[in-house]
Amino acid sequence: MVTAGRGSYGAGMSLYPEIEPYDHGMLDVGDGNRVYWETCGNPRGKPALVLHGGPGSGCTPYFRRLFDPAAYRIVLLDQRGCGRSTPHASAYGTDMSVNTTARLLADLESLRRRLGIGRWLVWGVSWGSVLGLRYAQTYPGVVSELVLTGVATGSEAEVELLTRGLGKVFPEAFERFLAGLPEGAARDGNLAAAYNRLLESPDPGVRARAWTDWETAIIPAPPRSVQRFEDPEFRMGFARTVTHYWGNGQFLDGEGAVLRDAHLLKGVPGTLVQGSLDFGNLLGTVWQLQHAWPDCELVVVSEAGHDAGAPGVREALVAATDGYARR
């Protein structure tokens, strides 16, 4: 394990300049879904796939800047139901039953074949780290390296921590979060599943706001300060997608599946960049993953939380992608 300060990587590893895609498109992945993708950087460079968080956040231009555009062919996509992919999860008529982890993994393979890529580095943040780990475990041989931050593994314990366990840390916000559930709702059960049932109703708007208010509180950040959550379409699509996944075991093959199958990552080099103040650390998951996956390195950034853009975190991520570009 490497412990890094917020500025310990130096100016030489700051973000790369902003760039625009040289190609983009909509990939028909079946089930009535079309997935937006884009490619940036060097068309003949080392392929790298970017997996955003959420589930349901969508990709952003910031992620492009974590890779040397002269060295990498950077591939970004909006996973099913979010960003520029269609149909959007914010629409009540969108069929969420075809939005599952297995289908997202199949979408990644369809995109890899569509772009003519043999192997690629996979970069993921938060939920994207769950998806990236499961992708490498499910399709051996197509992932050359993994770079993950805000690391999660999709366990029920992680969901329980983020929906109920942190209520002891943020009691006032948690009280408001519970108040978003009507009398008679399963407040003592899976809170994500309870919210998802409400979000699948014809009038879900107030429930989406209650969900994102809780997400803001546990960052922690001031109320209504997360700009993307102020967009009603994003807010609805995000809340509906997160609760759909969190309320259904993240559609993984059994509890603890990612850690259980960590041996399948043998031979895949990896870098885990984790903020020391990330609340997910309360479960020790990232340390368990490091011990179960000897081919990875853990970089802990002091005074950083669950944020891929935090000082120290971004420098460590650039250091990792620079290092793998030289392999």
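## Overall architecture

The secondary structure of the protein amounts to 10 helices and nine strands, taken as DSSP runs (H or I of at least four residues for helices, E of at least two for strands) and numbered from the N terminus. This is a predicted model, in which local features need pLDDT of at least 70 and side-chain atom pairs count only at pLDDT 80 or more, while totals for chains, interfaces and linings use all residues. Residues are numbered from 1 along each chain as its sequence is written, and side-chain values use heavy atoms, with hydrogens and water left out.

## Dimensions and packing

For 327 residues, a compact globule would have a radius of gyration near 20 Å, and the 19 Å of the protein agrees with this; the radius is taken over C-alpha atoms, and the globule rule is 2.2 Å times the number of residues to the power 0.38. Along the principal axes, the C-alpha atoms fill a box of roughly 60 × 45 × 35 Å.

Buried residues (under 20% relative accessible area, 1.4 Å probe, protein chains only) account for 55% of the 327 residues. Of the contacts (heavy atoms within 4.5 Å) between residues at least 6 apart in sequence, 73% join residues at least 24 apart.

## Helix α1

Helix α1 covers residues 101-114 and reaches 20 Å from its first C-alpha to its last, close to the 20 Å expected for its 14 residues (1.5 Å times one less than the number of residues). Its buried residues are Thr101, Leu104, Leu105, Asp107, Leu108, Glu109, Leu111 and Arg112. Just after α1, Gly116 adopts a positive phi of about 70°.

Key:
Buried means under 20% relative accessible area, exposed over 50%, partly exposed in between (1.4 Å probe, protein chains only).
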